[in-house]
Amino acid sequence: IGNICHFSFYIGVSSIPSNSNQFQISLPITPDTTITNDYTTAAIGYSGSFNVSAFLPIVHESANYVYFHKNSGTTSTVLNSEVTTLGALIVSGWYYV
């Protein structure tokens, strides 16, 4: 209550540009920036026929978006060019505001 934003969304995805930008999904409220390194995680509940088993959704610590790390033992993030055929996504999580 008070300083936590819970989110859950189902999006139909279309026309993601095939470029080297980080794949991001906007959130409605900017996180609390007084807490440093406060990256919270989210969960993927559905992705249609697109394989997201190696995607780790993370809420950015100071900007209002979710981005996705690769669960590959590297610091790599998922790029737009890697999700151009993603059709739908259900994600839920929370963060401090």
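Reader: Great. Which strand does His-69 lie in?
Author: His-69 is in strand β5, which covers residues 65-70. Keep in mind that this is a predicted model.

Reader: Which backbone oxygen does the His-69 side chain reach?
Author: That of Ser-76, at 3.3 Å.

Reader: And which residues does His-69 touch, not counting residues up to four places away in sequence?
Author: There are two stretches to look at. His-69 touches Ala-54, Phe-55, Leu-56 and Ile-58, and also Thr-75, Ser-76, Thr-77 and Val-78.

Reader: Let's zoom out. How many helices and strands does the protein chain have?
Author: Zero helices and six strands. Along the sequence the pattern reads β-β-β-β-β-β. The radius of gyration is 13 Å, close to the 13 Å that the globule rule gives for 97 residues, so the chain is as compact as a globular protein of that length.

Reader: What box do the C-alpha atoms fill?
Author: Roughly 35 × 25 × 20 Å, taken along the principal axes.

Reader: What percentage of the residues is buried?
Author: Buried residues are 39% of the 97 in the chain. As for the surface, the chain exposes about 5,600 Å², with carbon and sulfur atoms supplying 50% of that area.

Reader: Now contacts. Of those between residues at least 6 apart in sequence, what share joins residues at least 24 apart?
Author: The share is 73%. Ile-4 gives you an example to look at: leaving out residues up to four places away in sequence, Ile-4 touches Trp-94, Tyr-95, Tyr-96 and Val-97.

Reader: Where is Ile-4 found, and what is its relative accessible area?
Author: Ile-4 sits in strand β1. Its relative accessible area is 32%, so Ile-4 counts as partly exposed.

Reader: How far is the C-alpha atom of Ile-4 from that of Ser-14?
Author: They are separated by 30 Å, with the two residues 10 apart along the chain.

Reader: Switching to Ser-15: what is its phi?
Author: The phi of Ser-15 is positive, about 50°, although Ser-15 is not a glycine. You'll find Ser-15 in the loop between β1 (4-12) and β2 (24-26).

Reader: Is Ser-15 buried or exposed?
Author: Exposed, because its relative accessible area is 71% and the cut-off for exposed is over 50%.

Technical notes
Residues numbered from 1 in each chain as written. Predicted model: local features only at pLDDT ≥ 70, side-chain atom pairs only at ≥ 80, totals over all residues. Heavy atoms only, no water. Helix = DSSP H or I, 4+ residues; strand = E, 2+ residues; numbered from the N terminus. Buried < 20%, exposed > 50% of the residue type's maximum accessible area, 1.4 Å probe, protein only. Rg over C-alpha atoms; globule rule 2.2 N^0.38 Å. Contact = heavy atoms within 4.5 Å. Areas by Shrake-Rupley, 256 points an atom, 1.4 Å probe, with all protein chains shown as cover. Polar contact = N/O pair within 3.5 Å; in protein donor to acceptor, adjacent residues only side chain to side chain.
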